[in-house]
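Please look over the structure shown here before reading the notes on it. They are grouped by topic.

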Amino acid sequence: MDIERPTGESGGERPREGHLNTPDAITPPPGDDARLRNQPALLDLYERMLTIREAERNCGALFAEGAIPGFIHLSDGQEATCVGMIAALRPDDTISSTHRGHGHALAKGLSLDSFFKELMGKEDGACKGRGGSMHVADLSVGMLGANGIVGGGIAIAVGSGLAHRLQGKDAVAVSFFGDGAMAEGVLHEAMNIAALKAIPVIFVCENNGWSEFSPTATQVSFTLEKLAAAYGIAYHRIDGHDVARVAELGAAIVADVRRTGRPAVAECLTTRIRGHYEGDSQHYRDHGEPLVDPIAIARDALIGMGVEAPALDALAGQVRDRVATAIEGARSSAEPSFESVLAGVYAVEAGR
Amino acid sequence: MSASRFAHAINQALDDMMARDPAVVLLGEDIGKAGGTFAVTRGLQDKFGPDRVIDMPIAENAIAGMAVGLAMSGMKPVAEIMFMDFVTLAMDAIVNQAAKLHFMFGGQGSVPMVIRMQHGGGLNAGPQHSQCLEGWFAHIPGLKVVCPATFDDAYALLQAAIEDPNPVLFIENKALYPMKGALSDPPPRVRLGEARIARSGEDVTIVTYGAMLHTVLAAAGTLAADGIDAEVIDLRTLQPWDEAAVLASLRHTHRLVVAHEAVESFGPGAEIAARMAQVGFDELDGPIVRVGGAFVPVPFSRKLEADYMPNEQQVIAAVRATHG
């Protein structure tokens, strides 16, 4: 029996043995929005990425000292995908996220204060210390939650997108998921239904090449591009290291989904700089592999536009101060009480 | 208001709730054009259109997961899982997502969704179409579990389930669908978690729910002829269950039987018996006795399934066993 071998960057075969995507392997999509190539717009995206990186650098340190318990999964290297895609969204657009969801939450509007308090398990945290890193959520900004289950947020986003349509809104829903979730059955169920029922949802795959500890090339036999084609869904491959590119393509995709009400797939090729979780020794990984850093790329681009390096350093200083202030507040914030936990299992009244 | 069959009472509740609240939408396999495997949703798509009675592909995980997303975004979805056995394919959405989101997000939002399913044997549907799995869900903090046995309760409990801000598993028994009867006009409202004394009695309390109620009432009739006056409590809601009502009845009769169609081992009856042994120990004049399905998959053959199903004789034997 002849079996067609998958090709392309997303699935069974990657451009290079292993994992990392290189920008030159990415298909350049049509169109170029010059507005996002301008300096203030890129500077804004850069600052958002820097905030996530700085917050997560501190998460690592707080985890190491024991101030953050549990498991945390950092998104260093993936900041451009969440910042770029979410820059294209409105507050009434909804997103569902993954176990690596800090960036999505912060980019969608979760405050640093609520974020650090939650990760430290404090009563005033975003989720009152009930959820932690893997469940950060802020429904007031349309962030329907990080998720401890690989693929767990996908159908939620499709349902949310359907709700937008049924309510006559032109809001869209975005499901962020990793390439590891490509092997989960729910993705296939959800893509089929989104196409079948014309649901305004964007499936954003943050493809970092790794399914936890295994190269995704060893986990899936197909490419997302071919999968999207099979379901009749528009597919876009994006260099997920270039925040301006993600933002401009993201804006085009979101506008299209908003206008047509039909789903889309956006595969952002990105890099997981750190391990699957904090403390992961990554013994399975080739430590010689080049790690592409979207923040360094954006910084170089800004300097190329004429922004002075000291100005960028000053911006980094401001971000550091904001994060430090949030952490200081979180450290002194109150611990939750178990009595209040028991009262919170069931909702007393509907609301969001 | 009328409904000549049990399935019609459920249909009427869905119809009335959809007419009253535009946020209520139905989704499930074959529920629209086909009207549902047991015709429970018949006619509703014609009345409310395909955007409110949504025919879904055979994809239980996505159906339940989408219901979560709909519920978090302002809708009140009522999803149907065609047979309770198929809910195994939707467990992540129900157990890890729906049940936990309100809590896990620190009280932000709620997940006002209902999952309708039917359980139970009696139709020779075999091991994968007959199970009573409600105990699984009663074990999960954040879920509510409802099992109606009568026309009025089917209507009122479904209404209460749809109005509830939490995920509710609404479990029908397929053997009840053809049961004849009528709805009260209007059916009295019922709060979730409120049991009902289906038969008052002096000598023994029999706690049950769902289709088993009818077996228990038949047993109570036979026992009455033998001079044993049984009180029958229909729990109606398993999570939260009406502990106070059961304890009050136990204080009156001092003997307790718990009967359900679900497998006896680790079944809902175990929780009820354990709680009553703890909080009602001083009231007991005999052992608490359980009646439930044997610890085997529900067998197919007409004879084997009939032998499997907990019956009137077992309930009577259990009542006698409470007398020591």
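Predicted model: local features only at pLDDT ≥ 70, side-chain atom pairs only at ≥ 80, totals over all residues.

Residues are numbered from 1 along each chain as its sequence is written, and chains are lettered from A and ligands numbered from 1 in the order in which they are written. Helices (H or I, at least four residues) and strands (E, at least two) are DSSP runs numbered from the N terminus.

**Helix H5 of chain A**

- H5(A) has 13 residues and reaches 19 Å from its first C-alpha to its last, close to the 18 Å expected at 1.5 Å a residue; the expected span is 1.5 Å times one less than the number of residues.
- Of the 13 residues of H5(A), 12 are buried (20 or more other C-beta atoms within 10 Å of the residue's own, with C-beta atoms placed from the backbone).
- The buried residues include A:Ile154, A:Gly159, A:His164 and A:Leu166.

**Helix H6 of chain A**

- The 12 residues of H6(A) (185–196) should span 16 Å at 1.5 Å a residue, and the 17 Å between its end C-alpha atoms agrees with this.
- Buried residues of H6(A) include A:Val186, A:Glu189 and A:Met191.
- Their cover includes H5 (154–166), S2 (173–178), S3 (201–207) and H7 (224–231) of chain A, together with H3 (60–72) of chain B.
- A:Ala198, which follows H6(A), has a positive phi near 50 degrees.

**Contact between chains A and B**

- Chain A gives 40 residues to the contact and chain B gives 36 (residues are in contact if their C-beta atoms, placed from the backbone, lie within 7 Å).
- On the chain B side, H3, H4 (91–98) and H5 (101–104) each give two or more residues, and H3(B) gives the most, with 9 residues.

**Sheet of chain B**

- An open sheet of 5 strands has the order S7-S9-S8-S11-S12 in chain B, with mixed pairing (two strands pair if DSSP finds at least two bridges between them).
- S7 (196–199) and S12 (289–293) of chain B are the edge strands, each pairing on one side only.
- S11 (256–263) and S12 of chain B pair in the parallel sense over 4 bridges.
- B:Val258 has B:Arg290 in S12(B) as its bridge partner.

Definitions and conventions: Contact = placed C-beta atoms within 7 Å.
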